[in-house]
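Hi everyone, thanks for coming along.

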Amino acid sequence: MDVRRKTSSLLLRNTRNLGERMTYSTDLGERVGWVQRRCNDLVRNIEHFIHGKTNVVWNVVVGLLAEGHILVEDVPGVAKTSLAKAVAHSISGTMHRIQFTPDLLPSDVTGVQIYDSEKREFQFREGPVFANIVLGDEINRASPKTQSALLEAMAERQVTVDRVAYALPRPNFVIATQNPVDQQGTYSLPEAQLDRFMMLLRIGYPSPEHEVRIVADAVARRLPEQLRPVTTVEEMQQMIDVVRGVYVAPALQAFIVTITNATRTIPQLKLGASPRASNALAAASQARAAVDGRPFVTADDVKQMAKAVLCHRLMLTPEAAVQEFTADGIVDRILAAVPVPQSPAGV
């Protein structure tokens, strides 16, 4: 009789737990659906000015939802800065732009202590990094000393001045640009700085039909600053919270680690992806699933985000560079070789 009571009690408790999980899953699905709709609005607004680069725009939105910083690298004149501005002006929050130059000082980015003669004390004056959206234009033109001022801000969401830590506003996104062609007067970003960027994106030249629309915008004197915001920072924070709840099955977590670990064993690479890259790939996959309207991550989400998240973190050996190996090609090989979890969600 005692055994029956215990068995009945256990079944009842398991049924209640299952019901709670199903209710939570339904609620999460509704919240993810809301995120998907808000992201569609955001992408459409950005594409009022950025024409023909839907995949790039979606990746930027994924980076924002995953609380990752974005580095946009491409040749001059392909709307790198305009993309960053269009994103910033589509969100109703604080936005500061930093034009990186060789004479820029770290305090010009983070802020500085100023003496108040009336109060007879030093007061901290916040730098432009204290904003919801920070546009870092031509970041590789700043000196390494100034570039390093962003390390703490991007990784820990705070700035330390005179041993006092100042928290940055949430959310806090850095969207930086750099030109890989004109290297005169530039300083290559060190690996530690590159690793702070969740994704590196390249825009590329537009198609002729889209370039006609770009010329029409120029003739009409349209600017990204004229875009009206379609969401607020409060909504962005809510969307970020929803994305954090997207389910990543243990099998998919192992799938991600297998991919990043493989980059550390490739003979053509002298530097593979760090554990930070594994975390970034998992977070980007969660955001990718959310913008597709799913409350769980699939292997396809991981594969879609792998190149944008991993390639800029990989360093080829000199021999591999001479043999024309590329980080993109190596990641493709790894993705083709790593077994995919059998369950669609990797459960």
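The protein chain has a mean pLDDT of 87, and 90% of its residues reach 70 or more. That score, pLDDT, is the predictor's confidence in each residue, from 0 to 100. Residues 1-25 have a pLDDT below 50, and this stretch makes two contacts in the model beyond near neighbours in sequence. A contact here means heavy atoms within 4.5 Å.

A word on the ground rules. This is a predicted model, where local features need pLDDT of at least 70 and side-chain atom pairs count only at pLDDT 80 or more, while totals for chains, interfaces and linings use all residues. Residues are numbered from 1 along each chain as its sequence is written, and side-chain values use heavy atoms, with hydrogens and water left out.

Let's begin with the backbone. In general, most residues other than glycine have a negative phi, and most peptide bonds are trans. So where do we find a cis peptide bond? From Arg-170 to Pro-171, with omega near -5 degrees. Pro-171 lies in the loop between strand S8 (164-167) and strand S9 (173-178). The helices (H or I, at least four residues) and strands (E, at least two) are DSSP runs, numbered from the N terminus.

Now for positive phi. Glu-67 is not a glycine, yet its phi is about 55 degrees. You can find Glu-67 in the loop between helix H2 (54-65) and strand S1 (69-73). Is Glu-67 buried or exposed? Glu-67 is buried, because its relative accessible area is 11%; buried means under 20% relative accessible area, exposed over 50%, and partly exposed in between, using a 1.4 Å probe and protein chains only. Ala-79 also has a positive phi, near 80 degrees. Ala-79 is in the loop between S1 and helix H3 (80-90), and at 28% relative accessibility Ala-79 counts as partly exposed.

On to the aromatic rings. Rings of Phe, Tyr and Trp (its six-membered ring) pair if their centres lie within 6.5 Å; planes under 30 degrees apart count as stacked, over 60 as edge-to-face and the rest as tilted. How many aromatic pairs does this rule give? It gives three. One of them joins Tyr-115 and Phe-122, edge-to-face, at 5.2 Å centre to centre with 65 degrees between the planes. Tyr-115 is partly exposed at 46% relative accessibility, and Phe-122 is exposed at 56%. Phe-124 and Phe-130 have ring centres 5.8 Å apart and planes at 65 degrees, so this pair is edge-to-face. Phe-124 is buried at 19%, and Phe-130 is buried at 6%. Together with Tyr-166, Phe-124 and Phe-130 form one aromatic cluster.

Elsewhere, the charged end of Arg-294 sits over the ring of Phe-296, 6.0 Å from its centre. For that label, NZ of Lys or CZ of Arg must be within 6 Å of the ring centre and within 35 degrees of the ring normal.

Gln-268 is in the loop between helix H10 (250-262) and strand S12 (269-271), and at 17% relative accessibility Gln-268 is buried. Beyond its neighbours within four places in sequence, Gln-268 contacts residues including Met-315, Phe-325 and Arg-333. As for disulfides (pairs of cysteine sulfur atoms within 2.5 Å), the structure holds zero. Cys-39 is buried at 1%, and Cys-311 is buried at 11%.
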